[in-house]
Amino acid sequence: MGVDYHTVQSPHMYQWNFNIQRELFSNTTLTVGYVGSRGLHLYGARDINPVEPTIVNGVQVFGTPKGPGLVGINSNPRENPAGASLSSEAPVANSSYNSLQVGLNRRFAKGVQSQVSYTWSKCMDDASGTYGLEGGIAWSDPLDGSFDRGRCLFDRPQVFRISGLYAFPFNKNILVKGWQMSANFLAQSGSPWNVTMGFDQAGNGVTGSERPNLVMPAGQAIVGNVNRWANPAAFAVPAPGTLGNLQRDFLWGPGIQDFDYSVVKDTPIKERMHLQFRAEFFNILNHSNFGLPNASAFVQTANGGGAPNPTFGRITTTTTNSRQIQFALKLLF
């Protein structure tokens with residue numbers, strides 16, 4: 001694997017925003033804004049000694065079935081037949097981000113501080129998942145990066161958050177003085193889900209990231225059950241030697257809901273010393289936030305075919321912990 005550092009196309013990002021802010025009433029402001037960005041010449045990975053496709057009826061064909069009763073695809077010759085796959089990174093990828101951002105903020109006054117924020121956004125790229133200058137997963141079609149243009153890995157179309165703090169006004173004695181509570185609620189859309197073949201059906205050497213054909217609308221493809229998040233009938237095996245038509249990261253996983261709450265009491269001991277008691281409740285509603293489903297839609301069979309994967313769409317992980325409660329006593333000086 002190599003990185004071409006000698007390039008005149010340096011990765012760069014353009015960012016812009018436009019905001020309108022208005023004070024609705026004392027200590028409370030509303031902000032509505034548009035935020036966008038455009039990334040150009042980002043580092044992406046692709047095979048620079050690719051399998052050369054033939055064109056059959058206008059469709060790229062990278063290989064043919066190995067033979068009757070045999071499993072796998074015989075790939076076409078590579079650009080340099082004497083060499084193997086050569087993954088390299090270069091500034092060949094692009095990205096775009098557009099969002100509506102709304103925020104309602106109350107500054108701390110009369111013991112109350114709170115804020116509400118909502119973001120509606122869309123992020124698209126053709127090379128998500130970078131590590132330093134390495135471009136993550138290689139392009140499915142090494143000759144055309146636009147084939148892998150899809151949702152960014154971190155794309156969350158809708159994010160809603162509300163948080164606040166209330167300082168109790170009691171000052172009668174040391175037992176009731178210094179109490180405050182705070183809470184934070186988050187609800188956001190699920191992360192992108194990239195349904196894959198699970199094997200190299202095209203024969204272009206990009207095992208694991210090739211995608212099947214989508215034969216149903218996306219809304220009908222999602223079932224929403226943890227044991228079967230998607231309908232297997234929504235996907236079909238592409239013809240041997242070809243790439244599927246499903247867009248990268250086209251579908252989505254489960255959303256996230258999380259509510260945290262805490263109670264804090266500060267007790268002064270000396271001028272520069274006080275004792276703090278904390279009671280904190282994470283995911284207090286004990287809401288289950290599930291991870292992404294098993295993405296491999298098929299298992300490879302003989303004669304260039306594939307059979308439905310019985311574990312496809314099954315969710316076996318969570319993204320947040322179950323309810324956690326912790327208490328702490330701190331001496332601050």
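Buried means under 20% relative accessible area, exposed means over 50%, and partly exposed lies in between (1.4 Å probe, protein chains only). This is a predicted model: local features need pLDDT of at least 70, side-chain atom pairs count only at pLDDT 80 or more, and totals for chains, interfaces and linings use all residues. Residues are numbered from 1 along each chain as its sequence is written, and side-chain values use heavy atoms, with hydrogens and water left out.

**Exercise 1. Salt bridges**

Solution. 
Step 1. A salt bridge is a side-chain nitrogen of Lys or Arg within 4 Å of a carboxyl oxygen of Asp or Glu. Searching the whole structure gives seven of them.

**Exercise 2. Bridges across the sequence**

Task: Say which parts of the chain are tied together by Arg78 with Asp47, and by Asp148 with Arg211.

Solution. 
Step 1. Helices (H or I, at least four residues) and strands (E, at least two) are DSSP runs, numbered from the N terminus.
Step 2. Arg78 forms a salt bridge with Asp47; the closest N and O atoms are 2.9 Å apart. Arg78 sits in the loop between strand E7 (73–75) and strand E8 (87–109), and Asp47 in strand E3 (residues 28–47), so the bridge ties parts 31 residues apart in sequence.
Step 3. Check burial. Arg78 is buried at 17%, and Asp47 is buried at 11%.
Step 4. Asp148 forms a salt bridge with Arg211, with closest N and O atoms 2.8 Å apart. Asp148 is in the loop between E9 and E10, and Arg211 in the loop between strand E13 (192–193) and strand E14 (213–214), so this pair ties parts 63 residues apart in sequence.
Step 5. Asp148 is buried at 3%, and Arg211 is buried at 4%.
Step 6. Look for a network. Salt bridges link Asp125, Arg248 and Asp249.

**Exercise 3. The disulfide**

Task: Locate the disulfide and give its handedness.

Solution. 
Step 1. A disulfide is a pair of cysteine sulfur atoms within 2.5 Å. The whole structure holds one.
Step 2. Cys123 is joined to Cys152, S to S 2.1 Å. Cys123 is in strand E9 (residues 112–125), while Cys152 is in the loop between strand E10 (150–151) and strand E11 (158–167), 29 residues apart.
Step 3. The torsion about the S-S bond of Cys123 and Cys152 is about -70 degrees, so the disulfide is left-handed.
Step 4. Both Cys123 and Cys152 are buried.

**Exercise 4. The largest nonpolar core**

Task: Name the residues that touch the most other members of the largest nonpolar core. Then list what Leu251 contacts.

Solution. 
Step 1. A nonpolar core is a set of buried Ala, Val, Leu, Ile, Met, Phe, Trp, Tyr and Cys residues joined through side-chain atoms within 4.5 Å.
Step 2. The largest has 19 residues, of which Trp193, Val195, Phe235, Leu251 and Phe312 touch the most other members. Helix H1 (218–221) and strand E16 (228–230) each give two or more residues to this core.
Step 3. Contact means heavy atoms within 4.5 Å. Setting aside neighbours within four places in sequence, Leu251 contacts residues including Arg151, Trp193, Val195, Ala218 and Phe235.
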